[in-house]
Amino acid sequence: MSGCYINGIANISAQSTSDFDQFLDEIIAYKEVIFKSIDPDYKKYIKPAAMRRMSKSVKMGVTTSKMALASSGIEMPDAIITGTGMGCKQDSEKFLEKILYNDEQFLTPTLFIQSTHNTVGGQIALGLGCKSYNVTYVQGAASFETSLIDAQLMLSEAPKKNILVGGIDEIAKNSTLLHTLDGHIKQEDINVLELLESKTSGTVCSEGATFAVLGAEKQDHSLCRMMDVETRNIASPQDIKEDILALIEKQGLTLNDIDAVILGNNGDVSFDHYFENLQNSIFSNIEQLCYKHVIGEYHTASAFSYWLACKIFKVNNVPSILRVNNIEAKEYKNILLYNQYRAKNHSIALLQRC
Amino acid sequence: MAELREELKEKIIEQLSLEDVEVSEIGDDDSLFGDGLGLDSIDALELIVLLEKDYGIKLKDPKEGKAIFESIGVMADYIAKNRTK
(Lines give C-alpha, C1' and ligand atoms only; values in the text may rest on other atoms or scores of the structure.)
Protein backbone atom coordinates (compact mmCIF):
# COMPACT_ATOMS: atom_id res chain seq x y z
CA MET A 1 0.00 0.00 0.00
CA SER A 2 1.34 3.41 -0.90
CA GLY A 3 1.71 6.17 1.66
CA CYS A 4 -0.45 9.16 2.39
CA TYR A 5 1.32 12.47 2.84
CA ILE A 6 0.03 15.90 3.76
CA ASN A 7 1.75 18.11 1.20
CA GLY A 8 0.04 21.37 2.05
CA ILE A 9 -2.42 22.59 4.67
CA ALA A 10 -4.23 25.79 5.60
CA ASN A 11 -6.61 26.85 8.32
CA ILE A 12 -8.95 29.64 9.29
CA SER A 13 -10.05 29.70 12.91
CA ALA A 14 -10.95 32.03 15.76
CA GLN A 15 -7.24 32.69 16.17
CA SER A 16 -4.83 34.14 13.60
CA THR A 17 -3.99 30.87 11.86
CA SER A 18 -4.48 31.77 8.22
CA ASP A 19 -0.82 32.76 8.01
CA PHE A 20 1.15 29.48 8.19
CA ASP A 21 4.30 31.41 9.13
CA GLN A 22 2.70 32.33 12.46
CA PHE A 23 2.07 29.79 15.18
CA LEU A 24 -0.45 31.12 17.68
CA ASP A 25 1.93 33.96 18.50
CA GLU A 26 -0.89 36.14 19.82
CA ILE A 27 -3.85 34.47 21.48
CA ILE A 28 -7.27 36.08 21.69
CA ALA A 29 -9.02 35.30 24.98
CA TYR A 30 -12.72 35.14 24.12
CA LYS A 31 -15.11 35.91 26.95
CA GLU A 32 -18.29 34.52 25.40
CA VAL A 33 -19.32 30.97 24.55
CA ILE A 34 -20.11 31.71 20.89
CA PHE A 35 -17.29 33.31 18.89
CA LYS A 36 -16.54 33.67 15.20
CA SER A 37 -13.47 32.92 13.16
CA ILE A 38 -11.08 35.68 12.13
CA ASP A 39 -11.59 36.70 8.52
CA PRO A 40 -8.50 36.93 6.35
CA ASP A 41 -8.61 39.31 3.38
CA TYR A 42 -10.93 37.14 1.27
CA LYS A 43 -10.54 39.50 -1.69
CA LYS A 44 -7.02 38.20 -2.17
CA TYR A 45 -8.45 34.78 -2.97
CA ILE A 46 -11.99 35.28 -4.32
CA LYS A 47 -13.19 37.61 -7.07
CA PRO A 48 -15.77 40.13 -5.81
CA ALA A 49 -18.34 38.94 -8.36
CA ALA A 50 -18.09 35.39 -7.01
CA MET A 51 -17.84 36.42 -3.37
CA ARG A 52 -21.04 38.45 -3.23
CA ARG A 53 -23.18 35.32 -2.95
CA MET A 54 -20.91 33.41 -0.60
CA SER A 55 -21.72 32.77 3.04
CA LYS A 56 -19.01 32.53 5.66
CA SER A 57 -18.41 28.80 5.25
CA VAL A 58 -18.03 29.11 1.48
CA LYS A 59 -15.60 31.99 1.81
CA MET A 60 -13.60 30.13 4.46
CA GLY A 61 -13.60 26.90 2.46
CA VAL A 62 -12.66 28.44 -0.88
CA THR A 63 -9.92 30.53 0.73
CA THR A 64 -8.31 27.73 2.74
CA SER A 65 -8.49 25.40 -0.27
CA LYS A 66 -6.59 27.94 -2.36
CA MET A 67 -4.05 28.47 0.42
CA ALA A 68 -3.51 24.71 0.80
CA LEU A 69 -3.14 24.21 -2.95
CA ALA A 70 -0.64 27.07 -3.16
CA SER A 71 1.43 25.67 -0.29
CA SER A 72 1.51 22.24 -1.94
CA GLY A 73 2.44 23.57 -5.37
CA ILE A 74 -0.63 21.94 -6.92
CA GLU A 75 -2.83 24.01 -9.23
CA MET A 76 -5.52 21.44 -10.07
CA PRO A 77 -6.41 18.62 -7.65
CA ASP A 78 -7.56 15.23 -8.92
CA ALA A 79 -10.35 15.09 -6.37
CA ILE A 80 -12.11 17.39 -3.92
CA ILE A 81 -13.42 15.78 -0.74
CA THR A 82 -15.07 17.93 1.90
CA GLY A 83 -16.42 17.19 5.33
CA THR A 84 -18.94 19.26 7.24
CA GLY A 85 -21.08 18.59 10.26
CA MET A 86 -23.86 21.01 9.42
CA GLY A 87 -23.10 22.45 5.99
CA CYS A 88 -24.06 25.96 4.94
CA LYS A 89 -26.30 26.82 7.86
CA GLN A 90 -26.42 30.58 7.30
CA ASP A 91 -28.01 30.37 3.85
CA SER A 92 -30.22 27.47 4.94
CA GLU A 93 -31.62 29.66 7.70
CA LYS A 94 -32.11 32.64 5.36
CA PHE A 95 -33.91 30.43 2.86
CA LEU A 96 -36.21 29.00 5.53
CA GLU A 97 -36.89 32.49 6.90
CA LYS A 98 -37.90 33.67 3.43
CA ILE A 99 -40.26 30.72 3.06
CA LEU A 100 -41.83 31.68 6.37
CA TYR A 101 -42.04 35.46 5.93
CA ASN A 102 -43.14 35.35 2.29
CA ASP A 103 -45.78 32.68 2.88
CA GLU A 104 -43.94 30.22 0.63
CA GLN A 105 -43.94 32.73 -2.23
CA PHE A 106 -41.19 34.65 -4.02
CA LEU A 107 -38.37 32.22 -3.28
CA THR A 108 -35.11 33.22 -4.92
CA PRO A 109 -32.61 30.69 -6.25
CA THR A 110 -29.38 31.93 -4.70
CA LEU A 111 -30.06 30.96 -1.10
CA PHE A 112 -31.40 27.56 -2.18
CA ILE A 113 -28.34 26.86 -4.31
CA GLN A 114 -26.02 27.96 -1.52
CA SER A 115 -27.73 26.11 1.31
CA THR A 116 -26.65 22.54 0.69
CA HIS A 117 -23.93 20.64 2.48
CA ASN A 118 -21.88 20.26 -0.70
CA THR A 119 -21.96 23.96 -1.59
CA VAL A 120 -18.36 24.48 -0.48
CA GLY A 121 -17.04 21.55 -2.51
CA GLY A 122 -19.05 22.74 -5.49
CA GLN A 123 -17.84 26.32 -5.25
CA ILE A 124 -14.21 25.20 -5.00
CA ALA A 125 -14.66 23.05 -8.10
CA LEU A 126 -16.38 25.87 -9.98
CA GLY A 127 -13.63 28.30 -9.09
CA LEU A 128 -10.89 25.90 -10.18
CA GLY A 129 -12.75 24.47 -13.16
CA CYS A 130 -12.22 21.04 -11.59
CA LYS A 131 -14.51 18.38 -13.06
CA SER A 132 -13.03 15.49 -11.09
CA TYR A 133 -14.40 13.44 -8.19
CA ASN A 134 -16.20 15.71 -5.75
CA VAL A 135 -17.83 14.32 -2.63
CA THR A 136 -18.98 15.78 0.68
CA TYR A 137 -19.22 13.72 3.85
CA VAL A 138 -21.60 14.67 6.64
CA GLN A 139 -20.67 12.57 9.64
CA GLY A 140 -20.89 14.84 12.65
CA ALA A 141 -17.59 15.33 14.42
CA ALA A 142 -15.95 12.71 12.20
CA SER A 143 -16.82 14.44 8.92
CA PHE A 144 -13.28 15.58 8.21
CA GLU A 145 -11.80 12.21 9.15
CA THR A 146 -14.33 10.39 6.96
CA SER A 147 -13.11 12.56 4.09
CA LEU A 148 -9.53 11.64 4.93
CA ILE A 149 -10.37 7.94 4.85
CA ASP A 150 -11.93 8.35 1.40
CA ALA A 151 -8.81 10.19 0.22
CA GLN A 152 -6.56 7.54 1.73
CA LEU A 153 -8.49 4.80 -0.09
CA MET A 154 -8.32 6.71 -3.34
CA LEU A 155 -4.57 7.17 -3.01
CA SER A 156 -4.10 3.46 -2.34
CA GLU A 157 -5.67 2.76 -5.74
CA ALA A 158 -4.33 5.78 -7.63
CA PRO A 159 -1.02 6.88 -6.09
CA LYS A 160 -0.39 9.61 -8.65
CA LYS A 161 -3.36 11.68 -7.56
CA ASN A 162 -3.33 14.85 -5.51
CA ILE A 163 -6.43 15.15 -3.38
CA LEU A 164 -7.84 18.26 -1.79
CA VAL A 165 -9.49 17.38 1.53
CA GLY A 166 -11.18 19.80 3.87
CA GLY A 167 -13.49 20.40 6.78
CA ILE A 168 -15.75 23.44 7.22
CA ASP A 169 -18.42 24.54 9.65
CA GLU A 170 -19.95 27.94 10.38
CA ILE A 171 -21.99 29.62 13.08
CA ALA A 172 -25.56 30.51 12.20
CA LYS A 173 -27.91 32.54 14.36
CA ASN A 174 -30.86 30.19 14.83
CA SER A 175 -29.24 26.76 14.82
CA THR A 176 -26.62 27.97 17.27
CA LEU A 177 -29.41 29.30 19.47
CA LEU A 178 -31.02 25.85 19.37
CA HIS A 179 -27.80 24.31 20.66
CA THR A 180 -27.85 26.81 23.51
CA LEU A 181 -31.42 25.86 24.34
CA ASP A 182 -30.69 22.12 24.30
CA GLY A 183 -27.66 22.56 26.54
CA HIS A 184 -24.99 21.60 24.01
CA ILE A 185 -23.57 25.10 24.46
CA LYS A 186 -22.81 26.36 27.96
CA GLN A 187 -25.44 28.60 29.52
CA GLU A 188 -22.94 30.99 31.10
CA ASP A 189 -20.23 33.07 29.42
CA ILE A 190 -16.71 32.07 30.41
CA ASN A 191 -13.12 32.94 29.68
CA VAL A 192 -12.62 30.44 26.87
CA LEU A 193 -8.94 29.99 27.68
CA GLU A 194 -10.18 28.43 30.94
CA LEU A 195 -12.62 26.14 29.13
CA LEU A 196 -10.83 22.94 30.09
CA GLU A 197 -11.25 23.70 33.81
CA SER A 198 -15.00 24.15 33.39
CA LYS A 199 -17.21 22.13 35.73
CA THR A 200 -20.44 22.58 33.80
CA SER A 201 -22.02 20.70 30.94
CA GLY A 202 -22.05 21.95 27.38
CA THR A 203 -19.20 23.55 25.50
CA VAL A 204 -18.44 26.63 23.40
CA CYS A 205 -19.32 27.17 19.75
CA SER A 206 -17.11 28.51 17.03
CA GLU A 207 -16.38 28.00 13.34
CA GLY A 208 -13.51 27.43 10.95
CA ALA A 209 -12.11 25.68 7.93
CA THR A 210 -9.11 23.50 7.23
CA PHE A 211 -7.99 22.20 3.85
CA ALA A 212 -5.09 19.87 3.10
CA VAL A 213 -3.58 18.44 -0.05
CA LEU A 214 -2.83 14.73 0.17
CA GLY A 215 -0.59 12.70 -2.08
CA ALA A 216 0.78 9.16 -2.02
CA GLU A 217 4.37 10.13 -2.65
CA LYS A 218 6.67 12.05 -0.34
CA GLN A 219 7.61 15.47 -1.64
CA ASP A 220 10.37 17.82 -0.51
CA HIS A 221 7.71 20.02 1.04
CA SER A 222 5.65 17.20 2.60
CA LEU A 223 4.55 18.18 6.09
CA CYS A 224 3.94 14.72 7.50
CA ARG A 225 2.85 11.19 6.70
CA MET A 226 -0.64 10.19 7.73
CA MET A 227 0.01 6.66 8.98
CA ASP A 228 -3.58 5.80 9.79
CA VAL A 229 -6.97 7.31 10.55
CA GLU A 230 -9.98 5.53 12.00
CA THR A 231 -13.48 6.55 12.99
CA ARG A 232 -16.04 4.94 15.22
CA ASN A 233 -19.59 6.15 15.71
CA ILE A 234 -20.27 4.90 19.22
CA ALA A 235 -17.75 3.51 21.68
CA SER A 236 -17.06 3.28 25.39
CA PRO A 237 -13.94 4.87 26.91
CA GLN A 238 -12.49 1.38 27.22
CA ASP A 239 -13.22 0.67 23.54
CA ILE A 240 -11.34 3.82 22.59
CA LYS A 241 -8.37 2.88 24.71
CA GLU A 242 -8.21 -0.51 23.03
CA ASP A 243 -8.64 1.02 19.57
CA ILE A 244 -5.77 3.44 20.16
CA LEU A 245 -3.45 0.69 21.37
CA ALA A 246 -4.41 -1.48 18.41
CA LEU A 247 -3.84 1.35 15.94
CA ILE A 248 -0.38 2.04 17.36
CA GLU A 249 0.50 -1.66 17.33
CA LYS A 250 -0.72 -1.97 13.73
CA GLN A 251 1.94 0.53 12.74
CA GLY A 252 4.64 -1.52 14.46
CA LEU A 253 4.97 1.06 17.23
CA THR A 254 4.46 1.18 20.99
CA LEU A 255 3.17 3.91 23.30
CA ASN A 256 6.80 4.88 23.95
CA ASP A 257 7.09 5.92 20.32
CA ILE A 258 4.31 8.50 20.64
CA ASP A 259 5.83 11.91 21.29
CA ALA A 260 2.62 13.88 21.80
CA VAL A 261 -1.12 13.42 21.77
CA ILE A 262 -3.53 16.11 20.60
CA LEU A 263 -6.90 15.75 22.29
CA GLY A 264 -10.29 17.30 21.62
CA ASN A 265 -11.31 18.13 25.22
CA ASN A 266 -14.02 20.78 25.03
CA GLY A 267 -14.82 21.50 28.69
CA ASP A 268 -18.06 19.53 28.76
CA VAL A 269 -18.05 17.67 32.08
CA SER A 270 -20.53 15.17 30.70
CA PHE A 271 -18.19 13.90 27.99
CA ASP A 272 -14.58 14.94 28.68
CA HIS A 273 -14.11 11.74 30.70
CA TYR A 274 -13.43 10.04 27.36
CA PHE A 275 -10.23 12.09 27.14
CA GLU A 276 -9.42 12.04 30.84
CA ASN A 277 -9.62 8.24 30.87
CA LEU A 278 -6.72 8.26 28.39
CA GLN A 279 -4.87 11.20 29.93
CA ASN A 280 -4.77 9.42 33.29
CA SER A 281 -3.74 6.04 31.94
CA ILE A 282 -2.04 5.26 28.63
CA PHE A 283 -1.18 8.91 27.91
CA SER A 284 0.07 9.74 31.41
CA ASN A 285 3.72 9.72 30.33
CA ILE A 286 3.17 11.47 27.00
CA GLU A 287 3.01 15.18 26.20
CA GLN A 288 -0.67 16.13 26.07
CA LEU A 289 -1.97 19.02 23.97
CA CYS A 290 -5.46 20.48 23.67
CA TYR A 291 -6.78 23.15 21.31
CA LYS A 292 -10.53 23.73 21.75
CA HIS A 293 -9.93 26.26 24.57
CA VAL A 294 -8.16 28.26 21.88
CA ILE A 295 -10.19 27.80 18.70
CA GLY A 296 -13.50 26.58 20.07
CA GLU A 297 -15.73 23.64 19.17
CA TYR A 298 -17.49 22.81 15.92
CA HIS A 299 -18.03 19.58 14.03
CA THR A 300 -14.84 19.85 11.99
CA ALA A 301 -12.71 21.46 14.72
CA SER A 302 -10.62 18.27 14.82
CA ALA A 303 -9.22 19.22 11.39
CA PHE A 304 -7.36 21.96 13.26
CA SER A 305 -5.39 19.27 15.12
CA TYR A 306 -3.94 18.09 11.77
CA TRP A 307 -2.86 21.66 11.03
CA LEU A 308 -1.41 21.81 14.52
CA ALA A 309 0.54 18.57 14.11
CA CYS A 310 1.92 19.72 10.73
CA LYS A 311 3.02 22.96 12.33
CA ILE A 312 4.67 21.14 15.26
CA PHE A 313 6.55 18.86 12.88
CA LYS A 314 7.75 21.89 10.97
CA VAL A 315 8.95 24.04 13.86
CA ASN A 316 9.56 21.29 16.47
CA ASN A 317 7.97 23.47 19.10
CA VAL A 318 4.60 23.81 20.81
CA PRO A 319 2.97 27.04 22.07
CA SER A 320 2.63 26.73 25.85
CA ILE A 321 -1.07 27.64 25.71
CA LEU A 322 -1.74 24.19 24.22
CA ARG A 323 0.05 22.13 26.88
CA VAL A 324 -2.10 20.47 29.52
CA ASN A 325 0.56 18.44 31.35
CA ASN A 326 4.17 18.94 32.33
CA ILE A 327 5.76 16.57 29.85
CA GLU A 328 7.63 18.04 26.89
CA ALA A 329 8.94 15.88 24.08
CA LYS A 330 12.48 16.59 22.93
CA GLU A 331 11.48 16.11 19.33
CA TYR A 332 8.28 15.23 17.60
CA LYS A 333 8.21 12.21 15.32
CA ASN A 334 4.88 10.56 16.03
CA ILE A 335 1.79 12.51 17.05
CA LEU A 336 -1.49 10.81 17.88
CA LEU A 337 -4.83 12.61 17.52
CA TYR A 338 -8.07 11.69 19.24
CA ASN A 339 -11.40 13.47 19.15
CA GLN A 340 -15.05 12.84 19.92
CA TYR A 341 -18.14 15.00 20.36
CA ARG A 342 -20.75 14.10 22.94
CA ALA A 343 -19.50 10.50 23.06
CA LYS A 344 -20.11 10.02 19.33
CA ASN A 345 -18.10 10.16 16.13
CA HIS A 346 -14.75 9.26 17.61
CA SER A 347 -11.67 9.61 15.46
CA ILE A 348 -8.11 8.47 15.97
CA ALA A 349 -5.19 9.33 13.71
CA LEU A 350 -1.47 8.81 13.75
CA LEU A 351 0.76 11.33 11.98
CA GLN A 352 4.50 10.91 11.49
CA ARG A 353 7.19 13.41 10.65
CA CYS A 354 8.68 12.72 7.24
CA MET B 1 -39.58 58.13 -12.94
CA ALA B 2 -36.22 59.30 -11.57
CA GLU B 3 -37.38 58.22 -8.13
CA LEU B 4 -38.28 54.75 -9.40
CA ARG B 5 -34.90 54.40 -11.07
CA GLU B 6 -33.09 55.25 -7.83
CA GLU B 7 -35.33 52.84 -5.93
CA LEU B 8 -34.55 50.09 -8.42
CA LYS B 9 -30.82 50.65 -8.13
CA GLU B 10 -31.03 50.40 -4.34
CA LYS B 11 -33.13 47.24 -4.50
CA ILE B 12 -30.79 45.59 -7.02
CA ILE B 13 -27.72 46.38 -4.93
CA GLU B 14 -29.37 44.94 -1.84
CA GLN B 15 -31.08 41.94 -3.45
CA LEU B 16 -28.05 40.87 -5.47
CA SER B 17 -25.51 41.62 -2.68
CA LEU B 18 -23.53 44.02 -4.85
CA GLU B 19 -21.58 45.17 -1.81
CA ASP B 20 -18.93 47.14 -3.67
CA VAL B 21 -21.36 49.01 -5.95
CA GLU B 22 -22.83 52.43 -5.12
CA VAL B 23 -26.13 53.74 -6.49
CA SER B 24 -24.24 56.59 -8.13
CA GLU B 25 -22.09 54.11 -10.07
CA ILE B 26 -25.04 52.60 -11.95
CA GLY B 27 -26.02 54.66 -14.97
CA ASP B 28 -29.65 54.65 -16.11
CA ASP B 29 -28.62 53.29 -19.50
CA ASP B 30 -25.81 50.97 -18.37
CA SER B 31 -26.23 47.37 -19.41
CA LEU B 32 -27.14 45.22 -16.41
CA PHE B 33 -25.65 42.05 -17.88
CA GLY B 34 -22.43 41.35 -19.76
CA ASP B 35 -19.96 44.23 -19.85
CA GLY B 36 -22.15 46.54 -17.75
CA LEU B 37 -22.97 45.60 -14.21
CA GLY B 38 -21.93 42.02 -14.98
CA LEU B 39 -25.04 40.26 -13.73
CA ASP B 40 -25.58 36.59 -14.61
CA SER B 41 -28.42 34.13 -15.12
CA ILE B 42 -28.97 33.58 -11.40
CA ASP B 43 -29.33 37.34 -10.98
CA ALA B 44 -31.94 37.31 -13.77
CA LEU B 45 -34.02 34.87 -11.72
CA GLU B 46 -33.61 37.13 -8.68
CA LEU B 47 -34.85 40.09 -10.72
CA ILE B 48 -37.90 38.16 -11.91
CA VAL B 49 -38.80 37.45 -8.27
CA LEU B 50 -38.17 41.12 -7.39
CA LEU B 51 -40.61 42.28 -10.10
CA GLU B 52 -43.33 39.99 -8.81
CA LYS B 53 -42.79 40.58 -5.09
CA ASP B 54 -42.35 44.36 -5.09
CA TYR B 55 -44.35 45.49 -8.13
CA GLY B 56 -46.87 42.71 -8.71
CA ILE B 57 -45.55 41.97 -12.19
CA LYS B 58 -45.47 38.30 -13.07
CA LEU B 59 -43.46 37.50 -16.17
CA LYS B 60 -45.27 34.73 -18.04
CA ASP B 61 -42.28 34.02 -20.25
CA PRO B 62 -38.86 34.29 -18.56
CA LYS B 63 -37.41 35.11 -21.98
CA GLU B 64 -39.18 38.48 -21.73
CA GLY B 65 -36.64 39.36 -19.07
CA LYS B 66 -33.88 39.66 -21.63
CA ALA B 67 -35.44 42.84 -23.02
CA ILE B 68 -36.91 44.15 -19.76
CA PHE B 69 -33.63 43.84 -17.85
CA GLU B 70 -31.54 45.60 -20.48
CA SER B 71 -30.91 48.60 -18.24
CA ILE B 72 -32.31 50.41 -15.21
CA GLY B 73 -34.05 52.86 -17.53
CA VAL B 74 -35.79 50.15 -19.56
CA MET B 75 -36.72 48.25 -16.42
CA ALA B 76 -38.20 51.38 -14.78
CA ASP B 77 -40.28 52.14 -17.89
CA TYR B 78 -41.66 48.60 -17.93
CA ILE B 79 -42.49 48.69 -14.22
CA ALA B 80 -44.21 52.08 -14.52
CA LYS B 81 -46.48 50.73 -17.27
CA ASN B 82 -47.24 47.33 -15.79
CA ARG B 83 -47.06 47.55 -12.01
CA THR B 84 -50.06 46.40 -9.97
CA LYS B 85 -48.75 47.50 -6.61
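Biologist: Why is B:Lys58 called exposed?

Modeller: In this predicted model, B:Lys58 has a relative accessibility of 61%, and since exposed means over 50%, B:Lys58 counts as exposed.

Biologist: How do you know that B:Lys58 and B:Glu52 meet in a salt bridge?

Modeller: The N to O distance between the two side chains is 3.9 Å, and the rule asks for a side-chain nitrogen of Lys or Arg within 4 Å of a carboxyl oxygen of Asp or Glu, so the pair B:Lys58 and B:Glu52 qualifies as a salt bridge.

Biologist: What makes B:Lys9 buried or exposed?

Modeller: The relative accessible area of B:Lys9 is 4%, and buried means under 20%, so B:Lys9 is buried. The side chain of B:Lys9 meets that of B:Glu6 in a salt bridge, with 3.4 Å from N to O, and B:Glu6, at 36% relative accessibility, counts as partly exposed. Both residues lie in helix α1 (residues 2-15) of chain B, 3 residues apart, which is about one turn of the helix.

Biologist: What makes A:Asp239 and A:Arg232 a salt bridge?

Modeller: Their closest N and O atoms are 3.5 Å apart, and the limit is 4 Å, so A:Asp239 and A:Arg232 form a salt bridge. A:Asp239 has 24% relative accessibility and counts as partly exposed, and A:Arg232, at 30%, likewise counts as partly exposed. Over all chains the count by this rule comes to 22 salt bridges.

Biologist: How many salt bridges are there between chain A and chain B, and how do you know that A:Arg52 takes part in one with B:Asp43?

Modeller: The count between chain A and chain B is 4. For A:Arg52 and B:Asp43 the closest N and O atoms are 2.5 Å apart, and with the cut-off at 4 Å the pair therefore meets the rule for a salt bridge. A:Arg52, A:Arg53, B:Asp40 and B:Asp43 are linked in a network of salt bridges.

Biologist: What is the size of the interface between chain A and chain B in buried area?

Modeller: The size of an interface is often given as the accessible area lost when the parts come together. Here chain A and chain B bury about 1,100 Å² between them, with 53% of that area on carbon and sulfur atoms. On the side of chain A, the residues that lose the most area to chain B are A:Arg52, A:Arg53 and A:Phe106, together 55% of what that side buries. The contact draws 12 residues from chain A and 14 residues from chain B.

Biologist: Which polar contacts and which residue classes belong to this interface?

Modeller: Across the interface of chain A and chain B the rule finds 6 residue pairs in polar contact, both residues being at pLDDT 80 or more. Helix α4 (residues 109-113) of chain A supplies the largest share of the side of chain A that touches chain B, namely 3 residues. By class, that side of chain A has 5 nonpolar, 3 polar and 4 charged residues.

Biologist: What makes the reach of the A:Ser143 side chain to backbone atoms a polar contact?

Modeller: The side chain of A:Ser143 reaches the backbone oxygen of A:Thr84 at 3.2 Å and the backbone nitrogen of A:Gln139 at 2.7 Å. The limit for a pair of N or O atoms is 3.5 Å, so both distances fall within it.

Biologist: And why is A:Ser198 called buried or exposed?

Modeller: At 13% relative accessibility, against a limit of under 20% for buried, A:Ser198 counts as buried. A:Ser198 is found in the loop between α7 (173-181) and β5 (208-215) of chain A, its side chain makes a polar contact with the side chain of A:Thr200 at 3.1 Å, and A:Ser198 touches A:Lys186, A:Gly267 and A:Val269, not counting residues up to four places away in sequence.

Note on methods: Residues numbered from 1 in each chain as written. Chains lettered and ligands numbered in written order. Predicted model: local features only at pLDDT ≥ 70, side-chain atom pairs only at ≥ 80, totals over all residues. Heavy atoms only, no water. Contact = heavy atoms within 4.5 Å. Buried area = accessible area lost by both parts, 1.4 Å probe. Polar contact = N/O pair within 3.5 Å; in protein donor to acceptor, adjacent residues only side chain to side chain. Helix = DSSP H or I, 4+ residues; strand = E, 2+ residues; numbered from the N terminus. Nonpolar A, V, L, I, M, F, W, Y, C, P; charged D, E, K, R; others polar. Buried < 20%, exposed > 50% of the residue type's maximum accessible area, 1.4 Å probe, protein only.
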